[in-house]
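Colleague: I am new to this structure. Please show me how to read it.

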Amino acid sequence: MRVLGFATSCAAVSVTVEASAKKAASPVESLRAEVEMVQKQIQHAGKVTPKVYETVQKLLTMVTSIIEPAIEESHASDQMLVLTVFREIIDCDAQYTKFLNGALKQQQLAVEGGRGKVVITTGEVDTAKEKYAKCLDDRDLLVRENNTRCCAEYQMCPNGGYGDCEIVKLSQGYVGCNYRERTGAECYAHAEKLIAPLESYFAEQDKKYEMARHLCAQFKASTEAKIKDCAALQEAVNAQAHMVNEISEQVNHGGIELVEGAKGECQQYKVCRNKAITSYLEIVGPCEKDAYGAGGDCVKNREEDRHSEWEATQEIKCMLDHYCQGGKFEEDLLEQCKQSITTFHLAISYPTLPASTPCEVPDCPSCPGCDECIDRPYYQYQTPCYETPVADPPVCVEAPDCPGWCTSEE
């Protein structure tokens, strides 16, 4: 947009300069015609008459009051035009430099800040994973110990469906009573004597079972608590990993925008600068001259024309001065007049085109995300040892042979 607006302003300035140049050229042509008439009048009269002298004074006034200011004004207009067009090139460079030192650096800092946050949070994820892995190790130890303890309880009392945990077979044989020889009280006393040792045995066995049951319950509670702790740690790891992935996605998106934005700014800068340079070269020139070897709609051609006009004007001015002073103009004075003429003040200053600013497109590699935690299998603790089939219950008491006399007869 700046280039288009500038082109319009350049056109306006160019019209003004052309008008100034034509304004200068027209009086110079009139001056030449007037000087030729004066020369003819002097040649005809053989001297400078008062009327001719008056005409010469008017011509000198025309040179100093009209022609010289017009040429100098035209020069000033073209100098301003050159600087104005050149300023457009500088503006393109300045705008792109402002982007490099401002918006681009801010975006880079934002992306790098996001990368730093990813590194920090990734480290936190790794730390959380280490805690989680340690928890799993502790959990597996507890599960194995729990299974061992609870298997001990189960082995003592598997409860296989036949009722008793332990059936003891008496080594002394069967307990009975011979009512022919002993009374019922005597038989009971005999039986009581046989089973008396079982009281302490069952009491000891019960203590062992209660201890096994207590250890099983204790380790089961500890195991369940540790499993809950590990589950909480796993959720924490996954939440942290999810946060890292979100930040990584934001960083990656910001990096893409940064690269694409830098490419777009670079392209706009190149377009801006090329248009400004093209406009500058077209306006400055040199350009094609007209059929008479003069003119041309560019600054360098007009500058050359102004130098020629100034030199011609100063020669005429020198001749007119000599007419006023001595009444004549010697040809040998012409070279002296030419040597005294300078056009340094009409030289246009053309700024040197600066080198273009190198484009900067940062490299923004993508940030990898974090994997979530995956639990590892462990020994089943809820039903330890139950995968082993229960053996058939032992036959602890054999049925006695019935005497023939107690067998009922049909």
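Colleague: What share of the contacts in the chain with a separation of 6 or more comes from residues 24 or more positions apart?

Modeller: A contact means heavy atoms within 4.5 Å. Here, residues 24 or more positions apart account for 86% of those with a separation of 6 or more. This is a predicted model, where local features need pLDDT of at least 70 and side-chain atom pairs count only at pLDDT 80 or more, while totals for chains, interfaces and linings use all residues. Residues are numbered from 1 along each chain as its sequence is written, and side-chain values use heavy atoms, with hydrogens and water left out.

Colleague: How many helices and strands are there in the chain?

Modeller: Both are DSSP runs, numbered from the N terminus: helices are H or I with at least four residues, strands E with at least two. The chain has 5 helices and 0 strands.

Colleague: How many disulfides does the count come to?

Modeller: A disulfide is a pair of cysteine sulfur atoms within 2.5 Å. The count is 5. One of them joins Cys 92 and Cys 272, with sulfur atoms 1.9 Å apart. Cys 92 lies in helix α2 (residues 50–156) and Cys 272 in helix α3 (residues 184–284), so the pair ties together parts 180 residues apart in sequence.

Colleague: Is Cys 92 buried or exposed?

Modeller: Buried means under 20% relative accessible area, exposed over 50%, and partly exposed in between, with a 1.4 Å probe and protein chains only. Cys 92 is buried at 2%, and Cys 272 is buried at 11%.

Colleague: Which cysteine sulfur is closest to that of Cys 364?

Modeller: That of Cys 367, but at 9.3 Å the two are too far apart for a bond.
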